[in-house]
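Here is a friendly note to read with the model open beside you. Take the points one at a time and look for each element as it comes up.

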Amino acid sequence: MTPAKKLLSYSYYPGCSLHASAKEYDESTRGLFKALGIGLKEVPDWLCCGATPAHNVDELLSLSLCAKNLSLAEGVEGDLAVACAACFSRLKVTQHHLADNETKRKQVEYAIAGAVNLQKPVKHLLEILAKDFGLDRLTEAVQKPLSGLKVACYYGCLLTRPPEVPELDCVEAPTIMERVIGAVGAETVRWSHRMECCGANFTLSRPGVVLKLSGSILDSAKAAGADCLMVACPLCHGNLDIRQKEIEEATGERFGMPVFYMTQLLALAVGVAPGKLGFDSMIVNPLPLLKEKGLV
Amino acid sequence: MSRIGVFVCHCGENIARTVDVEKVAAEAARLPGVAYATDYKYMCSDPGQNLLKNAVAEHRLDGIVVAACSPRMHEKTFRNAAKSAGLNPFLCEMANIREHCSWVHEDRDEATAKASDIVAMMVARVKKDKRLVPITVPVTKRALVIGGGIAGIQAALDIADAGHQVVLVEREPSIGGHMAQLSETFPTLDCSQCIMTPKMVDAANHPNITLHTYSEIESVDGYIGNFQITVRKKARSVIEEKCTGCGVCSAKCPQKKIPNAFDKNLGTRPAIYVPFPQAVPNTPVIDRANCTWFKTGKCGVCQKVCGPGAIDYEQEDRLIVEPVGAIVVATGFELYSITEKPKGSPIKGYGEFGHGTIPDVIDGLTFERLASASGPTGGKILRPSDGREPKQVVFVQCVGSRAREKGISYCSKICCMYTAKHTMLYKHKVHDGQAYVFFMDARTPGKSYDEFWRRAIEEEEAVYIRGMVSRLYQKGDKIVVMGSDVHVGVQVEIEADLVVLATAVQPRAGADTLAQKLGISYDSYHFYSEAHAKLKPVECATAGIYLAGACQGPKDIPDTVSQASAAAAKVMTLFAKDELEREPIVAKVNEKNCVACLYCKKVCPYGAVEEKEIRDRQGNLIRVVAYVNPGVCGGCGTCQASCPSKSVELDGYTDEQIMAMIEAL
């Protein structure tokens with residue numbers, strides 16, 4: 001007799017992007033978890049994590065925003081699932097900083113007018129899939145293997161950083177994305193720019209920087225023979241997808257490289273209908289590639 | 001009534017800054033049994049010692065307390081002074097008001113009160129001190145040297161030249177160590193092999209040196225002057241006495257493709273091999289893990305072709321016991337590797353440099369093999385990946401060193417100089433090539449060192465870029481080096497053909513295990529600790545054991561040779577006497593009370609406790625008691641703490657003395 005499979009259930013913090021520019025990340029996350037039978041319950045009344053701007057301007061504000069979210073999450077059962085790399089990093093950093101700093105903790109408690117609670121494990125979707133759910137079970141759930149699809153896994157800056165915070169994977173040479181997408185049959189390429197910065201917020205103030213940095217990421221992925229990029233961060237997605245045409249104009253090189261959220265590809269593999277994965281909101285149209293590989 | 005003298009030292013400002021020394025002396029003078037108390041700026045100086053000696057005569061003192069630094073620092077000094085004043089030296093005690101008080105406190109009143117308490121305790125102890133006589137032990141005038149690199153060879157030759165027997169133990173099949181692997185040496189660019197190999201031959205041929213290669217230290221027993229060393233001579237599968245070193249076995253061995261560790265795996269060797277042609281001894285060893293005979297039971301070619309019949313497949317490890325009086329530890333270093341480290345390890349690897357997966361990213365020692373005339377490329381600088389001559393070479397300093405976030409905060413000391421040397425060797429061999437160096441600081445203290453570094457820049461045209469490298473990655477057949485130039489304030493990207501990393505100098509793997517066998521201390525990185533950073537740089541805190549070379553800390557060749565000769569001189573000093581005086585702070589058993597439970601024997605870390613039979617005049621056994629061998633006892637007091645019947649006590653630390661000290665508080 002095989003032991004009964006544990007029913008997994010999580011509280012869920014989508015973050016601002018997943019309700020706006022990265023809707024397809026949210027939709028595909030929900031679709032994927034439903035297909036895998038993993039419970040996902042959104043934290044009511046959550047607020048912005050502060051992202052990059054808050055902690056650059058006011059550390060107390062940044063810590064307080066996350067602490068408030070963590071205390072709201074206490075009301076929902078299950079470890080806290082986070083999709084966005086920036087939200088994930090900020091929540092983890094807050095837990096780490098407040099755990100051993102009594103003074104800051106008191107300030108934050110005053111600011112949010114409530115107790116700081118740091119006990120709830122904050123987990124990125126990758127961690128949930130690779131460790132809690134398990135790669136073997138993920139492989140079992142596959143209905144449409146992504147075989148033949150060459151994926152360049154792009155981590156960006158925040159998924160494994162800062163290094164002093166308990167890490168998702170090795171800071172400088174992680175493999176968790178490759179392991180997860182490899183479990184549903186995709187082929188991953190070895191490439192050099194997995195951890196490079198995409199230019200992030202400079203997309204508004206100095207787009208030239210983004211064109212250069214994101215351009216070299218696309219260039220390197222193409223040189224490695226990738227069909228597409230896979231990301232876990234809405235800001236990276238914006239720079240690599242929305243700005244791709246501008247980059248092509250600036251460099252004179254044609255990439256035509258679709259940029260997927262990890263959950264879009266995973267959901268597709270476990271049989272979620274392509275129409276529910278937000279492919280139509282991507283700027284670089286992924287459908288020709290997916291058709292070519294027989295995936296839609 | 002006792003007549004104790006108390007001498008309170010200012011230690012310049014070290015004590016007087018935090019402790020009111022005059023008040024401590026005044027309070028001490030009021031203690032019962034104290035006949036005289038005073039303070040002085042430097043008690044350890046000549047006038048300070050004279051003050052003590054005169055006071056002994058003038059005030060007829062019968063005990064002394066010097067309130068100053070740690071007894072580890074100056075107990076010997078003041079006991080000698082007491083002795084020359086006609087007092088038994090063991091009636092002189094130190095009250096440590098520096099390390100235990102002034103250095104660790106800030107509040108002057110509290111520190112002064114604590115200093116007075118410490119003095120009062122020591123006065124109480126001195127009152128109950130007994131006159132002790134030093135123990136003498138014989139000295140075995142033979143030395144053990146562990147490690148056959150330049151440090152070990154130099155120490156062994158010096159001791160042997162002084163006329164003493166030396167046992168030299170080397171883990172590898174040949175002596176020579178890292179120096180035999182180097183190409184040219186800074187700052188004179190003389191060939192390393194040319195200056196090293198004659199010394200190797202001298203060591204092997206010296207009538208006073210017994211050489212055990214391919215051997216390791218199995219265990220160490222005994223104490224200064226009287227160590228018993230067990231050496232494990234690993235099975236060579238070749239009978240050393242019969243082998244003539246003709247080399248036919250290696251030439252005929254069908255296994256040819258085993259990576260040669262001596263060449264940093266760039267070249268290959270057979271399964272029966274000497275690590276390099278100039279090896280000493282020139283006796284091969286069979287690498288059993290890779291030998292066809294040992295793997296399948298077939299082959300046996302070497303045995304068939306060996307004229308003198310020196311091949312012995314049945315050979316087993318042998319254990320040899322060597323009695324020695326002193327030990328020189330010279331186990332050297334190894335280079336840090338950027339590969340992934342186990343999770344949780346305090347030392348981290350370099351994922352941003354590819355964790356060692358990029359073939360043309362090599363370390364400094366690999367570059368030495370490439371540049372060496374006896375190396376796998378015959379001295380040509382060629383890339384490991386495709387054998388092409390690199391036209392752009394980037395050298396990166398401080399990889400692993402001075403990088404707290406990677407787990408090592410110390411400077412490896414030799415890299416600035418050897419990297420400058422590498423740029424020169426490269427330029428001499430590839431005239432149209434360009435060398436770049438990323439560096440944090442150029443640290444070149446040493447005779448003719450800074451001139452050497454300047455020469456690399458000014459005459460050999462190496463481009464030095466001050467800044468760190470953030471990432472290395474393969475792009476086509478190039479390696480992209482991303483770094484910063486902090487002088488100009490820009491980011492730099494160089495497409496290099498070859499990258500050479502000056503990786504940190506670390507102690508040999510297993511340095512901690514050996515230290516535990518020897519009973520010597522080591523730091524958190526496993527470098528061996530000297531007894532005093534400035535005044536006892538080659539002695540260990542454990543008597544009779546000395547340090548030489550990079551096992552104690554990163555060192556270049558001149559420093560290593562100096563330290564090795566210094567260690568040898570210390571051994572010769574020890575061997576200059578036939579008998580050795582030991583401190584009589586040893587445990588003694590009260591045989592009347594001892595019930596021979598022998599719990600002391602179980603807890604003694606030195607193995608000093610024996611069973612003693614007490615017999616009557618007719619020779620009938622009356623009973624058994626414990627006996628502590630004073631020559632072996634280390635004076636730790638563990639037996640005293642554990643004895644249920646209070647029958648064993650350490651001289652100078654009796655229960656009565658400890659209780660008196662507590663009562664004085």
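1. Begin with an open sheet in chain B, whose 5 strands run in the order β10-β7-β6-β18-β29 and pair in parallel. Its edge strands are β10 (209-212) and β29 (545-547) of chain B, and each of these pairs on one side only. As you step from one strand to the next, the twist averages 20°. Please keep in mind throughout that this is a predicted model.

2. Now zoom in on one pair from that sheet. Strand β6 (residues 142-146) of chain B and strand β18 (residues 326-329) of chain B pair in the parallel sense, over 4 bridges. Which residue of β18(B) is the bridge partner of L144(B)? The partner to look for is I327(B).

3. For a contrast in direction, go to strand β25 (residues 478-485) and strand β26 (residues 490-496) of chain B, which pair in the antiparallel sense over 7 bridges. Within this pair, S484(B) stands opposite Q491(B) of β26(B). The two strands form a hairpin with 4 residues between them, and in that hairpin G489(B) takes a positive phi near 80°.

4. Next come two helices. Two packed helices are described by the angle between their axes and the distance between the axes. In chain B, helix α11 (residues 364-371) and helix α12 (residues 415-429) pack at an angle of about 35°, and their axes are 11 Å apart. The crossing of α11(B) and α12(B) is left-handed. On the α11(B) side the contact is made by G364(B), F367(B) and A371(B), while α12(B) brings C415(B), Y418(B), H422(B) and L425(B). What classes of residue does this contact have? There are 5 nonpolar and 2 polar residues, and no charged ones.

5. Stepping back, chain B is divided into domain 1 (4-127), domain 2 (142-226 + 324-332 + 508-575), domain 3 (248-305), domain 4 (334-506) and domain 5 (587-663). Notice that domain 2 of chain B is written as three separate stretches, 142-226, 324-332 and 508-575. Taken over C-alpha atoms, the centres of domain 4 and domain 5 of chain B are separated by 60 Å.

6. Chain A has its own assignment, with domain 1 (9-123) and domain 2 (142-292). The C-alpha centres of these two domains of chain A lie 23 Å apart. Their contact takes 22 residues from domain 1 of chain A and 27 residues from domain 2 of chain A. On the domain 1 side, α1 (23-36) and α4 (85-99) of chain A each supply at least two residues. The largest share of that side, 10 residues, comes from α1(A). By class, the domain 1 side divides into 10 nonpolar, 8 polar and 4 charged residues.

Terms used
Residues numbered from 1 in each chain as written. Chains lettered and ligands numbered in written order. Predicted model: local features only at pLDDT ≥ 70, side-chain atom pairs only at ≥ 80, totals over all residues. Domains from an automatic or database assignment. Axes fitted to C-alpha atoms, helices over the stretch in contact; angles between N-to-C directions. Left-handed = near helix turned anticlockwise from the far one by under 90°. Contact = placed C-beta atoms within 7 Å. Nonpolar A, V, L, I, M, F, W, Y, C, P; charged D, E, K, R; others polar. Pairing = 2+ DSSP bridges.
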